[in-house]
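Here is a short briefing on one model. Have the sequence and the coordinates open as you read.

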Amino acid sequence: MNGKVKGNLAMFISKVFSGFNENALRYLLPQYMSACTGVFLRTGFATLFFWVLGLFRHRAAVAATLRQRVGLLLLGMTCVFGYMFFLLKGLTYTTPVSSSIFLSLQPACVFLICLCIGREKATVIKVAGIAVGIGGALVCVLTQKSSDVASDPMLGNMFCAGSTLVYSIYLIISKQFLRTLDNVTVSKWSFLGAMLVALPVALFSGWDAPVLKMGVMSVPMLVLLFVLVFPSSVSYLLIDTGLKYLSATVVSLYGSVILIVASVASYIFGQDHFSWWQIVAIAMIVLSMYMVESQESREHPVQR
């Protein structure tokens with residue numbers, strides 16, 4: 001299996017988990033846990049997961065220098081924590097579909113950031129694709145109203161937009177660390193940094209997690225376990241694999257999988273109401289990703 005196939009397969013599986021993660025988090029928030037408590041639970045579990053996994057892969061792992069460890073801790077404190085905080089706060093007020101629309105704008109954010117730092121060149125197709133994607137997000141923001149499934153969609157969508165920006169920065173920076181370090185080392189240090197911020201934030205805001213008082217086989221607890229094991233832990237291993245073989249822009253394009261999975265699940269489970277404006281926004285986002293991906297595939301040859 002060549003590098004590109006391995007990277008694309010890892011990203012597809014990861015984003016399927018992430019798609020269902022949107023629905024799972026919306027189910028839990030805010031009735032069964034608060035956003036701040038949820039961020040600590042996710043980062044705390046992931047930290048334990050990656051450090052235990054690191055014990056089994058110690059011999060194969062590349063030793064990180066002190067400077068790299070500090071850099072990864074700072075990356076976790078800012079980008080990993082920031083992404084999860086904004087995402088969970090956003091899902092407290094808006095729907096999984098709207099949240100996924102903003103997550104799907106990651107290619108635009110990654111491209112614009114790389115353009116500003118000189119790692120990308122502007123092309124007509126990419127600029128047009130980004131414009132279409134931003135237009136789709138604006139359609140979502142301007143047409144969504146408060147309802148029984150979204151208490152404050154404007155506020156929630158702004159938080160989700162923030163999560164997209166922070167996650168895009170994470171993709172770009174973490175890819176640099178992955179050039180010399182293995183994915184477990186990158187994840188265990190960055191999630192440790194995120195947890196160190198998430199714990200005091202959760203305690204200061206008021207610990208709120210009724211789900212932890214429920215039985216292991218209760219629906220809320222099973223949903224939480226899914227969130228902790230797959231989207232919060234396994235998914236990040238797969239993302240790091242994708243970043244090893246694919247460009248940060250291509251990795252970000254897999255946001256379309258999140259959008260599709262979350263949309264279908266939301267309509268099935270009643271977490272969103274059908275809206276033609278939302279369908280228009282989704283179509284614009286998908287078109288945007290196709291335009292950027294088609295140009296990206298021409299600029300980056302297959303990696304083996």
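## Briefing: cysteines, helix packing and a cis bond

The structure holds 0 disulfides. The model is predicted.

**Cysteines**

- The cysteine sulfur closest to that of cysteine 36 belongs to cysteine 160. The gap is 15 Å, so it is too far for a bond.
- Cysteine 36 has a relative accessible area of 12%, and therefore counts as buried.
- Cysteine 109 is in no disulfide either. Its nearest cysteine sulfur is that of cysteine 116, 11 Å away.
- Cysteine 109 is also buried, at 18% relative accessibility. The cut-off for buried is under 20%.

**Helix α3 against helix α8**

- Helix α3 spans residues 66-93 and helix α8 spans residues 183-205. Their axes come within 7 Å and cross at roughly 55°.
- Because of that angle, α3 is oblique to α8.
- The crossing of α3 past α8 is right-handed.
- On the α3 side, the contact is made by Arg69, Leu72, Leu73, Gly76, Met77, Val80, Phe81 and Met84.
- On the α8 side, the contact residues include Thr185, Val186, Trp189, Phe191, Leu192, Leu196, Val197 and Val201. Ser190, Gly193, Ala194 and Ala198 of α8 also take part.
- By class, this contact of α3 with α8 has 15 nonpolar, 4 polar and 1 charged residues.

**Helix α3 against helix α4**

- Helix α4 covers residues 96-103. It packs with α3 at an angle of about 145°, and the axes are 9 Å apart.
- α3 passes α4 in a crossing that is right-handed.
- Tyr83, Leu87 and Leu91 of α3 meet Pro96, Ser99 and Leu103 of α4.
- The α3 contact with α4 divides into 5 nonpolar residues, 1 polar residue and no charged residues.

**Serine 187**

- Serine 187 lies in helix α8.
- Its relative accessibility is 0%, so serine 187 counts as buried.
- Which residues does serine 187 contact, leaving aside neighbours within four places in sequence? They are Phe50, Tyr236 and Asp240.

**Cis peptide bond**

- Leucine 29 and proline 30 are joined by a cis peptide bond. Omega there is about -15°.
- Proline 30 sits in the loop between α1 (3-28) and α2 (35-56).

Definitions and conventions:
Residues numbered from 1 in each chain as written. Predicted model: local features only at pLDDT ≥ 70, side-chain atom pairs only at ≥ 80, totals over all residues. Heavy atoms only, no water. Axes fitted to C-alpha atoms, helices over the stretch in contact; angles between N-to-C directions. Helix = DSSP H or I, 4+ residues; strand = E, 2+ residues; numbered from the N terminus. Parallel < 35°, antiparallel > 145°, perpendicular 65-115°, else oblique. Left-handed = near helix turned anticlockwise from the far one by under 90°. Contact = heavy atoms within 4.5 Å. Nonpolar A, V, L, I, M, F, W, Y, C, P; charged D, E, K, R; others polar. Buried < 20%, exposed > 50% of the residue type's maximum accessible area, 1.4 Å probe, protein only. Disulfide = S-S within 2.5 Å.
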